[in-house]
Amino acid sequence: MSPSLPPPPPPWPVDDVLVIGGGIAAFCAAIAAREAGAGVRLVDAAPAYLRGGNARHSRNLRLAHAEPSRLFPCRYPSDEFEHELCAANDGQGDAALARRLAEGSAGLPGWLAAQGVQFEEPARGTLPWSRRTAFFLGGGKAAINALAARAERLGVTIHQDTEALPIELDGPSPRRIPLHHAGRTLEARARAVCLCCGGYQANPGWLAETWGEAAADLVVRGTPFADGEILRALLAQGAAPAGEPGACHLVAVDARSPVADGGIVTRVDGMPWGLVVDRTARRFHDEGAEISPRRYSAWGRLVARRPEHRAFLILDAEGRAHTTPSIYPPIEADTIAGLAAALGLDPAVLTATFTDFNRAVQRAGTGAECTEGLTPPKSRLARPLTKPPFAAYPMAPGITGTSHGLRVDPRARVLRNDGRACPDLFAAGAIMAPAILGTGYLAGTGLTIGAVFGRIAGAEAAHYVRTGR
């Protein structure tokens, strides 16, 4: 006789606001809705020790500020922030949302501090000073822990390990939201819903529709729970899209990184000080073309297009002295041929690649810092690579997030294809960030979008519950 199953759990009461997600957007939405007087429940697919979404691996927010302060020795006006947003999105973003983001960012330090989040002060000298960004003391994980603790103190009911399943774009009120927890299907009911559940960077099947076989080789830098199934269902039902299908932010990471959740420490740097080759042991791009922070995303996309979607950064002893230490040890050898053997590359081809490069530097002359007669050229920081030991770092494309999501209005309400707003459905964070950034990227903006529009979504959801509009 088979054992009897436990009785199904009793239905949950109807909540004022249900927040789906567990990153900075979700907790800001939950706190804002609760502070506005709403009853709030938050469901997150991640277990408690992995909550936080990509914010767990983040360090800073981009924030406008009209005057110097303890966090910012200089000014960064909101109109300058707005202008940089418009430049980054190449005309694809919503200007009204960009303006609301830039203006709303100015109030974030005080509001977040009131929730218990602490910031690193530049005077301590432990992190690089930035006119545009503020760094969390203890990093993104500390900020998430502070926000979660604040939400619990306010009375937000939090369920970890609880996945929200695809929902209807239009549905009766209160909404019925199917959930999955511990092998069972549950149902939440709420008068308003805030979608803060991210993009689909951890869904290789969806990414493969654009990236083909390369999708299986993309390393997920952040949360493994961003599968985008709710986003996909809403788009199929007529929610207005933003950004482009398959568009994403890629960064070159160490190919030895975990398949997900490795974070910022897996990033590979130092390309301007060495050579980069692919599986054929040949160079394929100018290593000096980009030396600004944009080099990270540039190399992620380049590596994704190479054979087997892998490449190798190779440095000599002098080049290593100029680069940031890695958490992974380099693969070393005293000769280029020996390094090639360790990497599984053709020793003769890699030796020829180095010989041709060093000759091209010498032809350019002392002090030129470029190559002559080499294809592709190296335009900056070119010098002969001759000092052993030689070191290599295997590189893979790491995906941070997708640039395809929901379009929202300035109240964070999800829009339909016909331009109408869903009055009880709100979105914040990565799921709607493409409405502001398009397919572009602006450092420190992801968390800012989550925090600013999380506050907006939560407050507007509470307002809808209270007033019906």
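Modeller: Gladly! Across the whole structure, which is a predicted model, a search finds 26 salt bridges. Side chains of opposite charge can pair when their charged atoms come close.

Let us begin with Glu 80 and Arg 131, which form a salt bridge whose closest N and O atoms are 2.8 Å apart. This pair joins distant parts of the chain, 51 residues apart: Glu 80 belongs to helix α2 (residues 78-88), while Arg 131 sits in the loop between α4 (108-114) and β4 (133-135). Glu 80 has a relative accessible area of 24%, so Glu 80 is partly exposed. Arg 131 is partly exposed as well, because its relative accessible area is 23%.

With a relative accessibility of 8%, His 65 counts as buried, as buried means under 20%. A polar atom of the His 65 side chain lies 2.9 Å from the backbone oxygen of Cys 74.

Next come two further salt bridges. The side chains of Arg 150 and Glu 35 meet at 3.5 Å, N to O. Here too distant parts of the chain are linked, with Arg 150 in helix α5 (residues 139-154) and Glu 35 in helix α1 (residues 24-35), 115 residues apart. Glu 35 is partly exposed, at a relative accessible area of 41%.

Lys 387 and Glu 318 form another salt bridge, with the closest N and O atoms 3.0 Å apart. Lys 387 is in the loop between α11 (347-364) and β14 (390-406) and Glu 318 is in helix α9 (residues 317-322), so this pair ties together parts 69 residues apart in sequence. Lys 387 counts as partly exposed at 45% relative accessibility, and Glu 318 likewise at 30%.

Now for the nonpolar surroundings. In soluble globular proteins, nonpolar side chains tend to be buried together. The largest nonpolar core in this model has 104 residues, and Val 19, Ile 177, Leu 195, Leu 406 and Phe 453 have the most contacts inside it. Helix α13 (residues 445-467) gives the largest share of this core, 10 residues. Among the residues that Phe 453 touches are Leu 97, Leu 101, Pro 410, Met 432 and Ile 436. A second, separate core has 22 residues, including Ala 281, Leu 343, Val 349 and Ala 392.

In α8, 7 of the 10 residues are buried, so the helix is largely enclosed by the rest of the structure. Among these buried residues are Arg 295, Tyr 296, Trp 299 and Leu 302. The buried residues of α8 pack against α6 (204-211), β10 (241-254), β11, β12 and β14.

Two of those partners pair with each other: β11 and β12 (residues 311-315) run antiparallel over 4 bridges, with Val 276 opposite Leu 313 in β12. In a regular strand the side chains alternate between the two faces of the sheet. In β11 (residues 275-278), Leu 275 and Val 277 point one way, Val 276 and Asp 278 point the other way, and all are buried.

Conventions:
Residues are numbered from 1 along each chain as its sequence is written. This is a predicted model: local features need pLDDT of at least 70, side-chain atom pairs count only at pLDDT 80 or more; totals for chains, interfaces and linings use all residues. Side-chain values use heavy atoms; hydrogens and water are left out. Buried means under 20% relative accessible area, exposed over 50%, partly exposed in between (1.4 Å probe, protein chains only). Helices (H or I, at least four residues) and strands (E, at least two) are DSSP runs, numbered from the N terminus. Two strands pair if DSSP finds at least two bridges between them. A salt bridge is a side-chain nitrogen of Lys or Arg within 4 Å of a carboxyl oxygen of Asp or Glu. A nonpolar core is a set of buried Ala, Val, Leu, Ile, Met, Phe, Trp, Tyr and Cys residues joined through side-chain atoms within 4.5 Å. Contact means heavy atoms within 4.5 Å. A polar contact is a pair of N or O atoms within 3.5 Å; within protein, one must be able to donate a hydrogen and the other to accept it, and residues adjacent in sequence count only if both atoms are side-chain atoms. Lists of a residue's contacts leave out its neighbours within four places in sequence.
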